[in-house]
Amino acid sequence: MYDFPSGPLNSLQAAFKDPSSPFHLAPGTAGPASPDEVPDNSSSTVGSKAQPQPVHSSLTKLSNDAATEARAKLIDRGYDASSLWEQSIVWGHHDAFQHVNNAHYLRFFESGRMEYLIAVGNALGGPERARAMLSGKGVSFILKSISVNFRRPVVYPDTLLIGHKAVLPESNPSASTPTKSSRTSFRLSAVAYSYAQRAIVADSDSVIVWYDYDKLTKCDPGERAWMVLRDRVGEKTD
């Protein structure tokens, strides 16, 4: 390892001439104009070599291709197209086992669920209704329960596409005759699709209750709300 010069000025000048020094400036080149400037070696006249493409450039292309494929697959499986949520994976999501910690998936699915809520709100009454539902005013969603199945470990860098779709009593063959509770709640199915692995890495099943935040009680939201949910359920299923 090179020893950084700590002596007089001539030692520092010598470091500029030493090829093993991090301060080395090849003949015919100039140093950066400021400490924050990234040197441009493209104009170097000595030993100039083609610079490799940055890693992020190739990752971006792969990500764009994978994103298109992911959207097509999830929409084909009936997940709501207008509420798909892209969740970027950051290094801090890792745990001691060197993969995304399982607890983070609850937040990932929560973010996707809020996108789904906004889409339903917009369908019911535009942006104003969506904002009201998002802020817990009037009739909106409240989460009763959620389960998550972890299929594959995920590591940085990656992006997950989160998709949601309602599973209504009418579309569930095992459901019995509709009851009062079936008019106040519904199942919400979700998946997390990895761009890097091009596969579903986790899935979730939750129970959503229609809740009147003004009266602080669960409720039947009315036939229009149920029609909006039905309209958002794709024809194709898993």
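I started at helix 4 (residues 223–231), where I found Ala 225, Trp 226, Val 228 and Leu 229 buried. Buried here is under 20% relative accessible area, exposed is over 50% and partly exposed is in between, with a 1.4 Å probe and protein chains only. Helices (H or I, at least four residues) and strands (E, at least two) are DSSP runs, numbered from the N terminus.

An α-helix has 3.6 residues a turn, so residues three or four places apart point the same way.

Note on the source: this is a predicted model, with local features needing pLDDT of at least 70, side-chain atom pairs counting only at pLDDT 80 or more, and totals for chains, interfaces and linings using all residues. Residues are numbered from 1 along each chain as its sequence is written, and side-chain values use heavy atoms, with hydrogens and water left out.

Next I checked what the buried side of helix 4 meets: helix 3, strand 4 (185–194) and strand 5 (199–212). I picked out Leu 229, which is in contact (heavy atoms within 4.5 Å) with Tyr 116, Val 120, Leu 168, Phe 186 and Trp 210, leaving aside neighbours within four places in sequence.

Then I looked up the largest nonpolar core, which has 17 residues; Leu 229 is among those with the most contacts inside it, as are Tyr 116 and Trp 210. Such a core is a set of buried Ala, Val, Leu, Ile, Met, Phe, Trp, Tyr and Cys residues joined through side-chain atoms within 4.5 Å. Helix 3 gives the most to this core, with five residues. I also noted a second, separate core of 13 residues, including Phe 108 and Ala 202.

Helix 3 (residues 104–134) got its own entry. A straight helix of 31 residues would span 45 Å, yet helix 3 spans only 21 Å between its end C-alpha atoms. The expected span is 1.5 Å times one less than the number of residues. I found a kink of about 130 degrees at Gly 125, shortly before Pro 127. That bend is the angle between axes fitted to the seven residues ending there and the seven starting there.

Last, confidence: the chain averages a pLDDT of 83, and 71% of the residues score at least 70. pLDDT is the predictor's confidence in each residue, from 0 to 100. Over residues 41–50 I saw it below 50.
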